[in-house]
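These are my notebook entries on a single structure. I record below what I looked up.

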Amino acid sequence: LVVDDGSRDRTAEVVAEIGARDPRLRLIRQQNRGTAGARNRGLAEARGRIVSFLDDDDLWLSGYLERIGDAFAHSPSAGIAFTDAWVMDAPSGRVGSRSALERFAVPTRRLATTLSPTAALEALLRINFLTTCATAVTREALEAAGPLDPAIEGADDWDLWLRVVGAGYGITRAGERLAVLRKRPDSVGSDAEMMARNSARTLRGAIARALPGRAERIARRHLGAIELELRSLRSGRGRAAARIGRRLGRKRLPGPADLRGGWQPPPAELKAELERIKLDA
């Protein structure tokens with residue numbers, strides 16, 4: 001399903017051309033409703049037992065859907081399955097030396113292959129370690145959690161994951177880097193204050209749903225740190241806010257100076273994948 005959320009480019013035309021050759025592809029057009037509105041429309045139209053999101057600037061690599069399906073087959077009680085992802089600077093085509101999971105404050109080696117609902121809730125309250133383009137959800141879990149909230153742009157995915165595990169579904173890990181998260185200077189995540197503000201709203205919402213004692217303590221500690229970050233951002237203390245944001249696992253978008261150290265050309269295996277899908281690396 002391709003949801004054309006009021007685009008002004010050739011999206012509809014290109015999708016229609018491909019759909020004429022492949023009947024599995026469906027184009028859905030609507031006036032612009034934002035990220036959550038587009039995802040909710042896709043969810044409403046979806047017919048499958050498993051749903052996986054793919055924003056227009058991100059990519060799935062060979063084997064992604066197969067590994068996701070295998071993960072759910074081996075962990076039938078899980079509501080979410082995820083993989084790791086490459087992080088790419090879209091303007092330069094370079095990739096980070098660390099994967100999407102490795103950029104977070106919680107070391108990924110501590111993440112078990114399968115997390116119970118309780119362990120998943122506590123882990124997600126500490127940090128949203130799930131990359132949207134590398135995460136899939138079962139239809140059953142989505143129906144239990146409800147739709148995404150358009151009022152918390154940038155954090156609507158984190159809010160959904162929290163509601164899924166809060167409804168009693170665990171998380172399973174499907175594999176290594178099987179997706180590409182492309183970063184652009186104009187992406188939603190580039191607005192640090194908006195991201196922090198809606199992250200705080202997400203945690204307040206989770207607390208209001210009567211979290212268990214340990215989970216509530218984790219959520220309140222995280223909320224306190226985000227509120228401190230917000231105060232720093234609003235007072236113009238950018239460096240202090242950046243330090244807090246790094247501790248919370250939020251990374252600013254890469255600039256030219258970053259490309260001298262942790263950013264590099266795609267390795268051979270990734271470059272071959274990118275060439276296969278005709279993306280200029």
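With which residues is Ser 75 in contact, leaving aside its neighbours within four places in sequence? I find Thr 114 and Thr 172, where contact means heavy atoms within 4.5 Å.

Basis of the entries. I am working from a predicted model, in which local features need pLDDT of at least 70, side-chain atom pairs count only at pLDDT 80 or more, and totals for chains, interfaces and linings use all residues. Residues are numbered from 1 along each chain as its sequence is written, and side-chain values use heavy atoms, with hydrogens and water left out.

Ser 75. I place Ser 75 in the loop between α3 (64-74) and β5. Ser 75 counts as buried because its relative accessibility is 11%; buried means under 20% relative accessible area, with a 1.4 Å probe and protein chains only.

Overall. I note ten helices and ten strands in the protein; these are DSSP runs, helices being H or I of at least four residues and strands E of at least two, numbered from the N terminus. Of the 281 residues, 48% are buried.

Strand β5. I looked up the cover of β5 and found twelve of its twelve residues buried. Strand β9 (residues 170-183) pairs with β5 in the parallel sense over ten bridges, pairing being defined by at least two DSSP bridges between two strands. Within β9, Lys 183 is the bridge partner of Asp 89. Strand β8 (residues 135-138) pairs with β5 in the antiparallel sense over three bridges, and Ala 136 of β8 is the bridge partner of Ala 81. β5 and β6 form a hairpin with four residues between them, and Gly 93 in the turn has a positive phi of about 80 degrees.

Core. The largest nonpolar core has 42 residues, among which Leu 124, Leu 125, Phe 129 and Ile 171 touch the most other members. A core here is a set of buried Ala, Val, Leu, Ile, Met, Phe, Trp, Tyr and Cys residues joined through side-chain atoms within 4.5 Å. Elements giving two or more residues to this core include β5 (78-89), α4 (117-126) and α6.

Asp 156. I also checked Asp 156, which lies in helix α6 (residues 156-166). Asp 156 counts as buried because its relative accessibility is 2%. Leaving aside neighbours within four places in sequence, its contacts include Thr 35, Arg 39 and Asp 149.

Key:
Buried means under 20% relative accessible area, exposed over 50%, partly exposed in between (1.4 Å probe, protein chains only).
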